[in-house]
Amino acid sequence: MEFSEKYGPWALVTGASAGLGAAFAESLAKRGMHLLLTARRENRLDDITNRLTSQYGIDVVSIPLDLCAPAAVEALANKAAKYEIGLVIANAGFGWAGPFLQQDPERLKEMVKLNCEVPALMARTFLPELENQGRGGFMIIASTAGHVATPWMAAYGATKAFDLHLGEALAIELKGKGIDVLAVCPGSTKSEFHELANIKAPVFRGIHATAESLAEGAINSLGRKPSWIHGFANRFSLLITKYLPRKLATWITGKALSKHYRS
Ligand SMILES: NC(=O)c1ccc[n+]([C@@H]2O[C@H](COP(=O)([O-])OP(=O)(O)OC[C@H]3O[C@@H](n4cnc5c(N)ncnc54)[C@H](OP(=O)(O)O)[C@@H]3O)[C@@H](O)[C@H]2O)c1
């Protein structure tokens with residue numbers, strides 16, 4: 001079955017104004033999918049919408065929205081209701097690196113909301129319609145940081161563990177209903193993430209992937225597994241941590257991350 005037959009005709013991508021979300025939009029456009037793109041920066045969304053529409057001959061609708069605003073997921077669902085959505089990518093998110101006790105409490109609340117509450121509510125809101133259609137896909141963007149506790153990115157790593165577990169669990173619950181769920185685990189990937197997350201660039205020199213290769217790899221993994229880690233180096237290092245006592249794996253991760261935030 002063609003990708004757009006199984007997951008089309010429309011896909012909804014959050015956080016589509018930059019980084020991974022913009023790359024997902026382009027990869028899906030190449031596959032002939034029509035797109036609903038959302039983020040806060042309207043100008044960015046309009047630029048991407050115009051480019052993808054003229055380059056790929058698809059329909060693109062931009063929905064400028066702050067997903068941390070009250071009832072934002074309901075507002076998004078209302079705007080998306082008239083489109084036949086077969087694929088949802090819950091991608092919008094941000095991180096923060098530094099000593100937990102120095103994290104701004106308001107930003108912390110926003111991060112937990114955007115990284116955890118929003119994707120969970122999106123799953124609860126959009127999956128019933130996919131279940132009715134008997135087909136479709138749902139991707140949640142977790143992180144390699146969700147596989148092991150991350151001192152100096154303590155709360156961010158915990159939000160990504162939530163995403164990873166949510167995605168893997170839903171993949172099992174929806175297996176047999178024609179719906180593929182994938183928790184995507186990028187490692188360090190070029191985007192605006194690091195600047196916003198107080199991380200020194202470049203992080204993990206040499207394994208800084210492109211958003212385009214991440215998006216292609218994730219889309220190709222949909223329907224094949226419940227979660228996917230991008231890149232051999234990431235898969236290998238996470239495999240090693242699985243064989244270590246949790247405390248030691250956390251200590252090593254903390255050692256690596258302690259040098260990567262701006263003080
Ligand atoms: N880059 C990495 O190294 C990396 C690694 C692992 C996991 N991830 C995950 O990948 C996902 C995408 O991150 P990225 O690297 O592409 O970061 P990015 O370049 O900073 O993009 C983040 C996107 O989220 C949107 N966004 C942020 N706050 C929002 C809000 N309140 N409401 C609606 N949209 C909002 C941003 O758009 P506006 O500012 O226009 O709203 C932007 O489109 C995140 O979940 C992140 O945790 C990234």
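Predicted model: local features only at pLDDT ≥ 70, side-chain atom pairs only at ≥ 80, totals over all residues.
## A first look around the ligand and its neighbourhood

At 16% relative accessibility, Ala18 falls under the 20% cut-off and therefore counts as buried. Ala18 sits in the loop between S1 and H2. Along the chain, Ala18 and Ala211 are 193 residues apart, yet their C-alpha atoms are separated by 9.6 Å.

### The ligand and its shell

Let us turn to the ligand. How many residues surround the ligand? There are 31, and the closest are Leu20, Arg40, Asn91, Tyr156 and Ser191. Sorted by class, this shell holds 15 nonpolar, eleven polar and five charged residues.

Several helices take part. Helix H2 (19-30), helix H6 (154-174) and helix H7 (193-196) each supply at least two residues of the shell around the ligand. Which element gives the largest share of that shell? The answer is H7, with three residues.

| Residue | Protein atom | Distance to an oxygen atom of the ligand |
|---|---|---|
| Ser17 | polar side-chain atom | 2.8 Å |
| Arg41 | polar side-chain atom | 2.8 Å |
| Gly187 | backbone N or O atom | 3.4 Å |

Next comes a space in the protein. Rolling a probe the size of a water molecule over the atoms shows where empty space is left. The second largest pocket contains about 300 Å³ of space. Its lining is made of 18 residues, and those nearest the centre of the pocket are His147, Val148, Ala149, Arg246 and Thr250. Two or more lining residues come from each of H6, helix H9 (232-242) and helix H10 (246-257). H6 provides the largest share of this lining, four residues. By class, the lining of the second largest pocket divides into ten nonpolar, six polar and two charged residues.

### Backbone spots worth a look

Most residues other than glycine have a negative phi, and most peptide bonds are trans. Against that background, a few places in the backbone stand out.

Where does the peptide bond from Gly8 lead, and is it cis or trans? It runs to Pro9 and is cis, with omega near 0 degrees. Pro9 itself belongs to the loop between helix H1 (3-7) and strand S1 (10-14).

Trp152 has a positive phi, near 80 degrees, and is not a glycine. This residue lies in the loop between strand S5 (136-141) and H6. Is Trp152 buried or partly exposed? Its relative accessibility is 34%, so Trp152 counts as partly exposed, a class that runs between the 20% and 50% cut-offs.

Asn198 is another residue that has a positive phi without being a glycine, here about 70 degrees. Asn198 is placed in the loop between H7 and helix H8 (211-221). With 16% relative accessibility, which is under 20%, Asn198 counts as buried.

Notes: Residues numbered from 1 in each chain as written. Heavy atoms only, no water. Near = heavy atom within 4 Å. Polar contact = N/O pair within 3.5 Å; in protein donor to acceptor, adjacent residues only side chain to side chain. Nonpolar A, V, L, I, M, F, W, Y, C, P; charged D, E, K, R; others polar. 1 Å grid on protein atoms, 1.4 Å probe; cavity = no way out; pocket = protein on both sides within 12 Å on 5 of 7 lines; lining within 4 Å. Points joined across faces, edges and corners; volume = space filled by probe spheres on them. Buried < 20%, exposed > 50% of the residue type's maximum accessible area, 1.4 Å probe, protein only.
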